[in-house]
Amino acid sequence: MKIYTKTGDTGQTSLIGGTRVDKNHFRIEAYGTVDELNSWMGLLGAVLAYPDLPKRIQTIQTVLFTIGSHLASDPQKSKMVLPQILPEQILDLEKWMDEMELGLPALSNFILPGGHVHNAWAHVARCVCRRSERQVVELHNMEPVNPLIIQYLNRLSDFLFILARFISSQEGTQEIPWVTRGAEMQ
């Protein structure tokens, strides 16, 4: 099977259901950013060898692929039965965050991304997740979107923040506190 179809050469693509839209359509932007996030998750899963984490990240990637399929579908025309997005998937993220947070110091100020390359990558994924969430909310303001998609992306960004902190802890990297100009002199 050839990967190229040449049907997108004029700047349009098809949604699930056959509707043709421009490649910069808000729906394409939303699922394209979810796809970008999924790639960042794949990077994290490939480099993080902490117990259970690669498997959990692969589970997250599967949910993101499901979310992408929902966003890529024309709600009026698609007859395809898509996998469900379940409240339990959000609860999994919460459980995993609680487990990672157990050994972390209390957060007393904002922290800057970085200190370790894996921590920084987790923060980049968090930012892409937030952008994805904003785009899905924008789409939802125009056309109804399953609210569990928005909830999942919101919780996933929290997960990625905790993951970045967890990575710093596991790698023995000091978190970098945000210090405003002038405060560093005190």
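Author: Trp178 has a relative accessible area of 46%, so this residue is partly exposed (buried is under 20%, exposed over 50%, partly exposed in between, with a 1.4 Å probe and protein chains only). The model is predicted, local features need pLDDT of at least 70, side-chain atom pairs count only at pLDDT 80 or more, and totals for chains, interfaces and linings use all residues. Residues are numbered from 1 along each chain as its sequence is written, and side-chain values use heavy atoms, with hydrogens and water left out.

The structure holds three aromatic pairs (ring centres of Phe, Tyr or Trp, the latter by its six-membered ring, within 6.5 Å; planes under 30 degrees apart are stacked, over 60 edge-to-face, the rest tilted). In one of them, Tyr50 and Phe166 have ring centres 5.5 Å apart and planes at 90°, so this pair is edge-to-face. Tyr50 is buried at 12% relative accessibility, and Phe166 is buried at 15%.

Trp178 pairs with Phe110: the centres are 5.8 Å apart and the planes stand at 70°, so this pair is also edge-to-face. Phe110 sits in the loop between α3 (87-101) and β3 (111-112), and Trp178 in the segment after β4 (176-177), so that distant parts of the chain, 68 residues apart, are linked (helices are DSSP runs of H or I with at least four residues, strands runs of E with at least two, numbered from the N terminus). Phe110 has 61% relative accessibility and counts as exposed.
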